[in-house]
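Student: Could we go through the strand pairing here, one piece at a time?
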Amino acid sequence: IHRLLDIPLDAAVPLAAGVTQLLVAQHTPTNMDNTTKVKILEMVAFRIREVTTAVNPCVPLAAQRQETFDRRDVLTRHLCEQDAHTRRELVSTFLAEFFGDLTGESVLSQVVVRMVVEQVPDFSLIYLLNHPVALVAKLVEGLCALQSKVARITMEMIAANQPGQPVQRDPFMPYFQYYSVGVESDPFVVDLHETEQDTGYAESQFRVQLLDNYAGLLQFLQRLEELRRTTQDPTIAVDFEGVKLCRHGAMCLAQFSCEGDPSTIFVVDVYLLGPNTFSMQTTNGTSLKAILEDPEVRKVWFDPRNDIDALYHYFGVRPRGIFDLQVAEVAVRRSKGLKVSYVLGLSKCLESCPGLVKDQKQFAVRLNELGKKLFEPVHGGSYDVFKQRPMNHVILVYAAHDVRYMLALYESYRAALDSSWERRVEMCSTERGNWCLNLEYVIPSSEAPSF
């Protein structure tokens with residue numbers, strides 16, 4: 001383990017002892033051939049994933065206990081008086097003890113703390129000590145980085161054992177948060193990445209970041225916070241997936257695309273994170289609820305009625321600042337003097353979007369068909385597939401793709417509408433945003449709205 005994972009030998013020895021017990025219990029040979037090495041690494045990755053899952057709920061719990069940390073700044077002032085080396089030693093010792101108590105895994109905690117301390121500058125260490133939510137989230141982030149590293153080494157070792165044969169990616173997807181989608185091949189290929197700095201991820205035109213823990217969610221909220229601070233009219237694309245999504249259904253995923261970075265899609269696992277998805281805050285008070293309800297942040301949506309019905313009745317979120325692409329498409333046709341009786345679906349709108357090339361439109365059609373085979377009962381699927389974890393890679397890509405070109409559609413429709421038509425779209429979008437206020441649930445109609 002010391003050699004495979006490049007962790008200190010004094011930490012590797014007790015970790016190896018624990019893994020050896022697991023191997024013996026499963027009657028696995030303990031001579032170090034490649035098959036055994038792969039087995040060891042799979043067990044290490046699985047154990048780190050278990051610890052990550054167990055620690056993740058402590059992030060919102062830390063927010064509820066903030067008052068118990070209010071006097072910590074008195075202690076950190078004493079730390080600031082120490083030289084840099086002493087300060088780091090003290091912080092490392094404290095974090096290792098703290099995280100070891102929290103996880104019950106002293107060895108693993110030492111490894112994660114070392115990774116975190118090495119990456120964080122001095123002033124950020126003091127900040128983390130004063131902000132328990134950020135502290136626990138940073139440690140969860142370290143666990144995620146470590147599990148991805150172990151999983152990547154495992155995949156490389158499997159590839160070495162079976163030259164010329166592809167490594168099955170699906171079993172390793174739960175250990176990663178960063179994915180790139182290769183749309184050129186059929187079926188499409190999903191590559192797994194340790195960080196967003198990985199070359200394959202950074203250069204991809206279709207990047208997906210899965211936010212299935214609070215550390216990732218906080219990072220995303222900080223990104224939205226920065227977008228709102230630095231952009232005059234911030235715009236994001238929004239979509240949700242679930243089982244019969246409305247006040248009577250279940251919300252499972254939330255997808256976002258941000259102005260300035262249309263190639264990256266953020267998929268939030270609402271099914272795993274629950275109500276904290278919308279209430280979790282940065283130290284400056286930014287939450288998904290605050291972003292969705294801020295009228296100054298434009299939310300580009302495609303027919304938000306069922307989504308908002310679920311948001312309002314399950315999570316108390318009432319979005320504002322909505323621009324409904326489905327309504328905008330009706331406005332574009334009517335502005336040309338055409339009579340429009342019914343709305344179009346997203347797939348039809350993408351097919352007619354002038355900003356997309358033929359290959360992009362064909363991939364959208366192909367992916368839509370693959371998705372429907374998994375979740376539509378008429379095609380032999382089940383909507384419960386949105387609840388399955390680990391998530392099916394087709395469902396992840398399908399959900400991400402729903403918002404991939406929304407900002408392109410938004411620019412296309414705005415360019416085709418004058419200010420008078422755009423105001424009408426905004427007014428009708430607001431009306432659709434109030435769909436949740438109906439006393440009883442009303443099934444959205446496919447008839448084009450009057451405006």
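Student: Which residue in E3 does Tyr179 stand opposite?
Tutor: Tyr179 stands opposite Val208 in E3, and strand E1 (residues 178-182) is joined to E3 by three bridges, running antiparallel. Strands are DSSP runs (E, at least two residues), numbered from the N terminus, and two of them pair if DSSP finds at least two bridges between them. This is a predicted model, where local features need pLDDT of at least 70, side-chain atom pairs count only at pLDDT 80 or more, and totals for chains, interfaces and linings use all residues. Residues are numbered from 1 along each chain as its sequence is written, and side-chain values use heavy atoms, with hydrogens and water left out.

Student: Are the faces of E3 covered or open?
Tutor: Both are covered, with Arg207, Gln209 and Leu211 buried on one side and Val208 and Leu210 buried on the other, where buried means under 20% relative accessible area with a 1.4 Å probe, protein chains only. In a regular strand the side chains alternate between the two faces of the sheet.

Student: OK, zooming out, what's the strand order in the sheet?
Tutor: Eight strands form an open sheet in the order E2-E1-E3-E6-E5-E4-E7-E8, with mixed pairing. The edge strands, each pairing on one side only, are E2 (189-193) and E8 (322-324).

Student: How do E7 and E8 pair?
Tutor: Strand E7 (residues 298-301) and E8 pair in the parallel sense over three bridges, and Lys299 stands opposite Ile322 in E8.

Methods. Helix = DSSP H or I, 4+ residues; strand = E, 2+ residues; numbered from the N terminus. Buried < 20%, exposed > 50% of the residue type's maximum accessible area, 1.4 Å probe, protein only.
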